[in-house]
Amino acid sequence: MDWRQLDDTYVMSTYKRLPIVAAKGEGNYLYDTEGKEFLDLFTGLAVNVLGHSHPAIMQALREQGEKFLHVSNYFYNPPAIELAKGLVEHSIPGKVFFGNSGAEATEAAIKLIHKYAAGQGHERSGIVVVKNSFHGRTLGALRLTRQAHVYQDFPQPAFPVYEVEPGDMAQLAQVLKENKPVAVLLEPILGSGGIVTLTVDYLKAVETLCRKEGVLFCIDEIQTGMGRTGRLFAYQHADVIPDLILFAKGVGGGLPLGGVIAGEKLQSLFAPGDHGTTFAPSPLSAALGNAVLKTVLDETFMQNARDNASSLWSGLERIGAEFPGLISEVRGKGMMLGIVLEAAPEQVSQLQRAMMDKGILVDVTQKTIVRLLPALILEPAHVDRFLAAFREELSKLHKGVTA
Ligand SMILES: *Cc1c(COP(=O)(O)O)cnc(C)c1O
């Protein structure tokens, strides 16, 4: 079967595919239909936090799969209730709304924020986001995604959105004062926006200012959550307390699941009929979510992930020092890394292909940033293998650049 040609004929081309036809995944490895093995540092775009076919996930899949797959929101759904409890107990006091994806988490957030504004007599309106942010592709979520190539051809819902430079407190203070928005929404580390890390000091200052001005402080943890940065949620490094947390990607253990954790100001605003969806929370996704949550909350597991991430970081630092003109910066935190290359976009996609030929999958974002999103089960041997291959490819690029 020529899967590539069939895909070309029958599936819309909304993503530029890499030339790999997936056949099987196991741990940190993905295998294609020709039996070639790939070290997977791409992890389905930050979804597979426990890698492929993790025993805890496989067990949850079998156990819940044999019970029931769907019941609708008209019935009590124990795996989802358990997951909501777990998420709340390890984040902020509040309640959970479940959807199927990141975009749906953002849509729920937008509606909740508007419902809150209505309850406050609409004295404030609009949402502040950061330049280059990514919050999803449905029309509401797209309004908050500040990357022109993503939104430019589509209609924009009418609610006001204000864009600020990450890290610029003076600008944010001015927007809060002059425009009277109702909420600020931030990714602690901008993912598709190029792995831009918001500092702990900035997050703290934003929280303080939001409290002072009576503005909701909301965090998009869709990519940074579920242990990726070394804590369950990335905002926890900054010791702040958000009013609203958006989650998705890793939370369903590979199955579609997203949603929001709403703090005390927002948790009781939705009444029956205000919002909903048929599929979510899928009992199967939620059962897998419980397996993921239990695994990443194990301190030994998490410490091991932090240690392996830290050898990856120090290895990249060494390589960066070797090729100072080529790596301008390594950004991110824990198992979320952006290696900013001083090279042309074609050279960076060539490097991605060369890594693939060596059996290693990496992502590229914003054209020249190599993005690594390893599974939390990464081992020292995988770190070494990546570093050796990456160093070799960089040295080729280096020679090419200087020649
Ligand atoms: C991926 C992502 C989204 C959108 O999630 P989808 O499941 O693709 O709709 C929103 N926000 C952030 C930070 C993301 O990384």
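A salt bridge is counted here when a side-chain nitrogen of Lys or Arg lies within 4 Å of a carboxyl oxygen of Asp or Glu. The general idea is a friendly one: side chains of opposite charge can pair when their charged atoms come close. The structure examined is a predicted model, in which local features need pLDDT of at least 70 and side-chain atom pairs count only at pLDDT 80 or more, while totals for chains, interfaces and linings use all residues. Residues are numbered from 1 along each chain as its sequence is written, and side-chain values use heavy atoms, with hydrogens and water left out.

By this rule the protein has 17 salt bridges. Helices and strands are named as DSSP runs (H or I of at least four residues for helices, E of at least two for strands), numbered from the N terminus.

Glu393 is buried at 8%. Lys358 is partly exposed at 26%, and Lys396 is partly exposed at 47%.

Elsewhere, Glu207, Arg211, Asp243 and Lys265 are linked in a network of salt bridges. Within this group, the side chains of Asp243 and Arg211 meet at 3.3 Å, N to O. Asp243 lies in the loop between strand E10 (216-220) and E11, and Arg211 lies in helix H9 (residues 200-213), so the pair connects parts that are 32 residues apart in sequence. Asp243 counts as buried, with 9% relative accessibility, while Arg211 counts as partly exposed, with 36%.

For the protein as a whole, the secondary structure comes to 13 helices and 17 strands. The C-alpha atoms fill a box of roughly 65 × 55 × 45 Å along the principal axes. For 403 residues, a compact globule would have a value near 22 Å, and the protein, with 21 Å, agrees. Of the 403 residues, 53% count as buried.

Among the strands, pairing is assigned if DSSP finds at least two bridges between two of them. An open sheet of 4 strands runs in the order E1-E2-E3-E15, with mixed pairing. Its edge strands are E1 (22-26) and E15 (360-361), each of which pairs on one side only. E1 and E2 (residues 29-32) pair in the antiparallel sense over 4 bridges, with Lys24 opposite Tyr31 and Ala22 opposite Asp32. These two strands form a hairpin with 2 residues between them, and Gly27 in the turn has a positive phi of about 60°.

In E12, 5 of its 5 residues are buried. Gly258, Val260 and Ala262 point one way, and Gly259 and Ile261 the other way. E12 has antiparallel partners in strand E4 (residues 95-99), over 5 bridges, and in strand E11 (residues 244-247), over 4 bridges. Lys95 stands opposite Ala262, and Ile245 stands opposite Ile261.

Cysteines were also examined. A disulfide is a covalent bond between the sulfur atoms of two cysteines, counted here when the sulfur atoms are within 2.5 Å. A search of the whole structure finds 0 disulfides. Cys210 counts as buried, at 1% relative accessibility, and Cys218 counts as buried, at 1%.

Note on methods
Buried means under 20% relative accessible area, exposed over 50%, partly exposed in between (1.4 Å probe, protein chains only). The radius of gyration is taken over C-alpha atoms; the globule rule is 2.2 Å times the number of residues to the power 0.38.
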